[in-house]
Amino acid sequence: MGPFENETRNNKESIKNIDTVNNLDQPCNHDMFHCHSAPTSEDYIQGKSSYIDLLPTFADLAGAKIPDDRIIDGKNIWPIISGEKGARSPHDIYYYYKGNRLESARQGKWKVRRSGKKSQSVELYDLDNDIAESKNLSQKNPELIQTILKKMDKFDKDLKLSQRPIGKQ
């Protein structure tokens, strides 16, 4: 049994943690995230990326301008996809929504998760040492939790202020 057995919550890192792999010594096939040979530890890219990063990445590659009249959450991840040595995620912090509610955020090795109907419960996990999110460290690091919660609140507020009505451009 692995650390992700009997997983029930949607926003656990175990569900979302799929490492991007680039093996620079082997040609990659049509799938930009997988290569022909077995990866070594040096092949794993540090940091997070997601589908939200594809629009800015492809726009940059095509020389197109992305809209500047709204917040675009994604970042250009071409250095990661192309296997640039030392490439890192351009995201300082990564936010996870459950429906329309900002539930958790990951910054470096730390993940803060709010739970409950009114987000009254706050959990903190060290994902470098506990990818299954089984050891809640919230009592040991309240300052870090407050720092990340402030970033979460600002991001959520800014995103909702720039939200367009459905069907409007």
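I will start with D156, which is buried, with a relative accessible area of 15%, where buried means under 20% relative accessible area, exposed means over 50% and partly exposed lies in between, with a 1.4 Å probe and protein chains only. Before I go on, please keep in mind that this is a predicted model, in which local features need pLDDT of at least 70 and side-chain atom pairs count only at pLDDT 80 or more, while totals for chains, interfaces and linings use all residues. Residues are numbered from 1 along each chain as its sequence is written, and side-chain values use heavy atoms, with hydrogens and water left out.

D156 forms a salt bridge with K160, and the closest N and O atoms are 3.0 Å apart; by salt bridge I mean a side-chain nitrogen of Lys or Arg within 4 Å of a carboxyl oxygen of Asp or Glu. The two residues are 4 apart in helix α4, and so are separated by about one helical turn, where helices (H or I, at least four residues) and strands (E, at least two) are DSSP runs, numbered from the N terminus. K160, for its part, is partly exposed, with a relative accessible area of 43%.

The structure holds 10 salt bridges, and one of them joins D92 to K151 at 3.7 Å between the closest N and O atoms. That pair links distant parts of the chain, since D92 sits in the loop between α3 (78-81) and β1 (94-98) and K151 in helix α4, 59 residues apart.

Which parts does the bridge between R113 and E103 tie together? Their side chains meet at 3.5 Å, N to O, and because R113 lies in strand β3 and E103 in strand β2, the pair ties together parts that are 10 residues apart in sequence. R113 counts as buried at 5% relative accessibility, and E103 is buried too, at 1%. Both belong to a network of salt bridges that links R101, E103, R113 and E123.

Turning to the nonpolar side, the largest nonpolar core has 12 residues, among them Y95, L102, W110 and M152; such a core is a set of buried Ala, Val, Leu, Ile, Met, Phe, Trp, Tyr and Cys residues joined through side-chain atoms within 4.5 Å. Helix α4 gives the most to this core, with 5 residues. M152 touches residues including Y95, L102, E103 and R114, not counting those up to four places away in sequence, with contact meaning heavy atoms within 4.5 Å.

Finally, E133 is found in the loop between β4 (121-126) and α4 (142-161), and its phi is near 55°, a positive value in a residue other than glycine.
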